[in-house]
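Visitor: Could you walk me through this model? I'd like to begin with the overall picture and then go into the details.

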Amino acid sequence: QANVINLKTFLSALRLAHQGSDTGVLPLSPLVPAKNSDVEKPKTKMIITSRRDYPLTKSFPFSLEHLQTSYCKLARIDTRVLCLKKLRKLDLSHNHIKQLPPALGDLVCLQELDLHDNHLEAFSGALCSSSLQKSLQFLDLSQNQIQALPIEFCRLRGLVQLRLDDNALLRLPCRIGQLSRLRFLSAARNKLPFLPSDFRNLCLQNLDLFGNPFEQPNPLVPNIQLKIPLTLLECAARATVNHRIPYGCHLLPSHLCKDLEVAKTCRCGSACLSSFIQITVTMNLHHVAHTVVLVDNMGGTEAPILCYFCSLDCYSQFLDRHLQSN
């Protein structure tokens, strides 16, 4: 974009200097600072809202921090997008994306990811173990076809806002309470029959669970999975969790590590793995959220939540208190 005459003069001087000419005879023009209008600033934002405008022959600027490519009928995420290491906000809503590539986790600065209205059936556990663990704060997976989120999902500890509306979710992650920074959660119009016990540990500002087919809780009809006497595996697993004994894949088979990560917690505070009593009880959602969107058309703000007991004694004590209160 330089002035043609000035550029030719400069190249001529450069050639003479290379040939060893005296600097006094070189045709050098005085240096003039460039004007701000002459300097092209790096592009940090690009919004594309139609397939016609989607670039097919040229690359995206590597300086982009905000990229939106909506309504472009994309069946997968463009590999050129995965090279934009400065991206902070990526909006891929209203497309036909079915799968997320592992390389998406290499976007180390990504804070906001909008995948609203696509054809996703899953959210990869590998992404939950990537750099997104620390960077991702906003995630919109609404209007997809997701039935369950992986165990690793709760490693996304930086999440502040999570939208899961209009999917086919049959359950929420069992360790959802580990999302300590989460303040806005929306999972309306799914297929949730109840909430995981760890849901009690959330501290939300806004919660929307409208339109889920929640079951009517009945503490008097328990799901008994107790094994008496306890197996050696169950005893060892309970001791490992209760006494916080360090473990890892370098010490235990990976499937045992995963089992320990999702160990259930009894009302008494003790852990249980595969030997337990399970019931559903009612919880007022205002215990975990300041603002609650009504769960049903009757104005309710209560939902069933799973509750576990490690022994018959713990369940009997709970049942006595429950019957007395009613």
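Guide: What follows goes from the whole chain to its core, and then to a helix and some loop residues.

Visitor: What should I know before reading the values?

Guide: This is a predicted model, in which local features need pLDDT of at least 70 and side-chain atom pairs count only at pLDDT 80 or more, while totals for chains, interfaces and linings use all residues. Residues are numbered from 1 along each chain as its sequence is written, and side-chain values use heavy atoms, with hydrogens and water left out.

Visitor: OK, how many helices and strands does the protein chain have?

Guide: The protein chain has six helices and 14 strands, where helices (H or I, at least four residues) and strands (E, at least two) are DSSP runs numbered from the N terminus.

Visitor: And what radius of gyration does the chain have, against a compact globule?

Guide: The protein chain has 29 Å, whereas a compact globule of 326 residues would be near 20 Å; the radius is taken over C-alpha atoms, and the globule rule is 2.2 Å times the number of residues to the power 0.38. Along the principal axes, the C-alpha atoms fill a box of roughly 105 × 50 × 30 Å.

Visitor: Which domains are assigned?

Guide: The assignment gives domain 1 (1–38), domain 2 (45–191) and domain 3 (223–277 + 312–324), with bounds that come from an automatic or database domain assignment. The centres of domain 1 and domain 2, taken over C-alpha atoms, are separated by 50 Å.

Visitor: How much of the chain counts as buried?

Guide: Of the 326 residues, 42% count as buried, which here is under 20% relative accessible area, with exposed being over 50% and partly exposed in between (1.4 Å probe, protein chains only).

Visitor: Which residues have the most contacts inside the largest nonpolar core?

Guide: That core has 77 residues, and those with the most contacts inside it are Leu90, Phe123, Phe153, Leu185, Leu195, Phe199 and Leu285. A nonpolar core is a set of buried Ala, Val, Leu, Ile, Met, Phe, Trp, Tyr and Cys residues joined through side-chain atoms within 4.5 Å.

Visitor: Which element gives the most to it, and where does the core lie?

Guide: Several elements each supply at least two residues, including strand S1 (45–48), strand S12 (277–284), strand S14 (302–309) and helix H6 (312–325), and S14 gives the most, with six residues. Domain 2 and domain 3 both give residues to this core, so the core lies between them.

Visitor: What is Leu195 in contact with?

Guide: Leaving aside its neighbours within four places in sequence, Leu195 is in contact with Leu172, Leu209, Phe214, Met283, Leu285, Ala303, Pro304, Ile305 and Leu306, contact meaning heavy atoms within 4.5 Å.

Visitor: Switching to helix H4, which of its residues are buried?

Guide: In H4 (residues 232–242), Glu234, Ala237, Arg238 and Thr240 are buried. Seen down the axis of H4, these buried residues fall within an arc of 160°, so they line one face of the helix; the arc is that of the directions from the helix axis to the C-beta atoms.

Visitor: What do they pack against?

Guide: The buried residues of H4 pack against helix H5 (254–261) and strand S11 (271–272).

Visitor: And what follows H4?

Guide: H4 is followed by Arg244, whose phi is positive, near 55°, although Arg244 is not a glycine. Arg244 sits in the loop between H4 and H5 and is exposed, with a relative accessible area of 77%.

Visitor: What about the peptide bond from Ile228 to Pro229, cis or trans?

Guide: The bond is cis, with omega near -5°, and Pro229 is found in the loop between strand S9 (223–224) and H4.

Visitor: Where is His94, and what is its phi?

Guide: His94 is in the loop between S3 and strand S4 (112–114), and has a positive phi of about 60° although it is not a glycine. His94 is partly exposed, with a relative accessible area of 22%.

Visitor: Last one: where does Lys73 sit, and what is it in contact with?

Guide: Lys73 is in the loop between strand S2 (66–69) and strand S3 (89–91), and is exposed at a relative accessible area of 55%. Leaving aside neighbours within four places in sequence, Lys73 is in contact with Arg51, Asn95 and His96.
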